[in-house]
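The notes follow in the order I made them.

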Amino acid sequence: MPPRRTLVVLLLATLCAAAATLLDFTSPSFYGQTESRVRDAIARSGRTTPANPDLLFLAIDSNSITLDETLDLQGLFSSSSSDPGSRRALEIMSKGWPWNREIYAMILERLVRAGAKVVAFDCLFSTPAPGDDAFRVALEQFEPQAVIGSNFVSPDNVERSSRIPSSYEPPAETLIPKTPTQDERVGFTNFFADENKVVRGAQYRVAFRERDSIATYLSLSARVVSKAGHPELIPNDLAEHLIRFTGPPREAFRPRPLFEIFVPEYWEHNYRSGELVRDKIVVIGAEGKWQKDELLTPFGPMPGAEVHLNVLNGLLHRESIRELSPFARAIVTILTAILGSALWLSIRSPWLRLLALGGIDAATPFFALWFYNHQNLYLPCLAPLLALNSTVFFCLASDFTCERIEKASLQSTLQTRDDLTHMIIHDLRAPLNLVTGYVDILEQMASDKLNPDEAECVTGAKRGADDMGDMITTLLDVGRLEAGEMPLRLQDHDLAEIAREAADRFTLALRDRTLRCEMPPEPVAVSCDADVIRRILENLIGNALKFTKSDGTIRINVERTGTDVTISVSDNGEGIPRDQHEYIFEKFGQTNSGRQHRHSTGLGLAFCRLAVEAHQGKIGVQSEPGKGSTFWFTLRTRDQSGVNYTGKTRPAHFERIG
C-alpha cells in the first residue's frame, strides 16, 4: 500500500480512537444505557457466585402481614398458647401493618438465642413509633450480633464518592439518634445504581460530616461481615464495588416467611428447633412483592434484602467485579483502533476485510465474557467496538474516494494518451505511405539490376513498411472499436471458407510445422464482416506460429452447435499461466514470453476481443504451462434459408505441412 494511503489509515484510526474515547469519558445518556445493557447481558450469561449456605433470608412477606385480629391463634396455632413469647409475637403481627417495633426485639432475641451469628434488619425507622424502647434495649443487649440498616443524615452532609449511591432521600429521623461517633449497630443501607435505577453495586464505606466531626459508617453488608468475624474481607480501597450476583431472584436465597419462627410446629420442623439458624447470618427484610419493595437488577426485580444477601455472598466468597480505570479504558480503545488499521493494511480484499471485521465483532462479547468469568473484570465493549468499526468503515470510504479520484485521473491520462497516439498514428501514415510507395517503385525498377543480397534488403524494407502499416491500422481499429465507431459490413459469409483463406496465407511460413483444419463439409453461414473475421483468425494463427515448436502442430476447428459456431486455434506450444488469461486480451497486455518477441505489440488479442464483441460473440483461452494453448471465439450461425441452425455436423479434415 502506498505510504500516503498508510498515513491516511493511521490518521483515521487516531481520529476514531479519540472520538470513541471522548464518548466513553463523557458517557451521554444513550451511550451509558447501551453500555449497561451490554454489561447486564454479560452478567446474565457469565459465571455467578455460588450461594453461601451460611446465609438465611427471613422475609416479611404477604403471609406474615396478613395475620389479623380475628385470627383464632389458640385454635389455629394451639401450640403457641403454651409459649407466651410466641403468642405475644403472633398477636403483634395480627394487629396489622406497620407492626409494633417490639416484634423486632422478639425476633432478635429468638434468633440470637438459637445461635445465629449475626442478625441484620434491612429496615428503615424514620419516625418514632410504639415499641422503639423495647427494640433499643434489645439492640443494646445483643449488640455483638445485631445490625440495623438506617439512614440518619441528609444527603448534603454526605461526602459522596464519584457515583451517586442511591436515588431515594434518606429520612431526617431514625430509631437511633444522630451521633458523630461510629455506631456498631448501624449499617448504611444504600446501593448505587445507574440513571435507570438499576442496582449494580454496593457502597461499603461512607463518611459523614456534621459540625466539623467526621464519622465513618460501613454499609449494612460490610458491617455484617465485620460482626461475623471477617473484617479483612471489607474493601477499603473504594467506596463502591460492583456486585457479582448469585443468579435470578428468589432462587439462590429462597425467602422464608418470618412468622414461622413463632409457630412451634414450624420452628420445630422447618427450623429444626432453631438448629437451622445456628451460626448463620440471618437477613430480615421485605420479600418485595407485597409492598413493591423491589430494586431493579440485571437479573430482574429483586427484594432489597436479597440484594444485600448477594452483596454479602460476594464478600464472603472474596469476589467482586472490577472496572478498568479511565486511562486503561482509553488504552483498550486505542489498541482496537490500531487493530482496525492493521486489519485494513494487511488484507487487500475489501470483502475479506469486512469478513474479518465481522468475526472480530462476533468474538468480542465472548472475549469480554471470558474476562468477566476468569478475571472478575468488566472489559469495555462499546467504545472499542465503535473505534474498531468506525476505523474500518472510514478507511473503506477513504479507499473508495481515493480509488474514484485515481480512476478519474487515470482515465484522463489514458484519454490524453489515446488522443496523442491517434494524432501520431494519423501523422505517421502519410510518410509511411510515401516510404512504401518509393520501396515499391524501387523494387519494380531495380529488380533486374540488384544482386540477390540487395534484392533481399529491398524486400526486407518493404516487409518492415508493411508490418508498420499493419500496426498502425490495428491501433486505429482498436481505438475505433473501443469508441464504437468502427463500421462493420455485415453480410452472409461461409465461415469455413474464411478460415481456409486465413490458413492459406500461412502456407509458406509453416516450414516444418503442421497446420490442420477441421471444418464441416457444408457451408457455415454467418452474418459478419469477412475482412474483420479473417484478421481475427490471422492474428490467432500468427500467435500460434510464434509460440509453436519447429515440428509442432496447429489446429483450426470450426464446429457449430445450435445457434452458435465456435472457431478455435490450438497449438502445442509452451502455454500461458492461468493468472494471465484475462490480462492478455487487454491493450498492450502480453505474457512474459510474448514480450521477448520484438514484433509483438500487445494489440493483436485486444483487437480480436473487441472485434468479436462487436459481432456479439465471446472470446477466451484454455491453456496451461507446458500443455499448449487453445484460443476460441463464438459467432451466431444461420442456415441457408435464414433460420437458426439446430443441427450438428461431423467435421471434414484437411492438412497442410510446410
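Are Arg-39 and Glu-35 buried or exposed? I found that Arg-39 is buried and that Glu-35 is buried too. Buried means under 20% relative accessible area, exposed means over 50%, and partly exposed lies in between (1.4 Å probe, protein chains only).

I noted the ground rules next. This is a predicted model, in which local features need pLDDT of at least 70 and side-chain atom pairs count only at pLDDT 80 or more, while totals for chains, interfaces and linings use all residues. Residues are numbered from 1 along each chain as its sequence is written, and side-chain values use heavy atoms, with hydrogens and water left out.

**Entry: salt bridges**

I took a salt bridge to be a side-chain nitrogen of Lys or Arg within 4 Å of a carboxyl oxygen of Asp or Glu. By this rule I have 25 salt bridges. Side chains of opposite charge can pair when their charged atoms come close.

Arg-39 and Glu-35 form one of them, at 3.9 Å from N to O. Both sit in helix H2 (residues 29-45), and because they are 4 residues apart there, about one helical turn separates them. Helices (H or I, at least four residues) and strands (E, at least two) are DSSP runs, numbered from the N terminus.

I then looked up Glu-287, which pairs with Arg-250, the closest N and O atoms being 2.6 Å apart. Glu-287 counts as buried because its relative accessibility is 11%.

Arg-578 and Glu-624 form another salt bridge, at 3.7 Å from N to O. They are 46 residues apart and link distant parts of the chain. Arg-578 is exposed at 60% relative accessible area, whereas Glu-624 is partly exposed at 36%.

I also wrote down a network of salt bridges that links Arg-489, Glu-501, Asp-531 and Arg-534.

**Entry: helix H11**

Ile-331 is in helix H11 (residues 326-346). Its relative accessibility is 36%, so I list Ile-331 as partly exposed.

Which residues of H11 are buried? Among them are Arg-329, Ala-330, Thr-333 and Trp-344.
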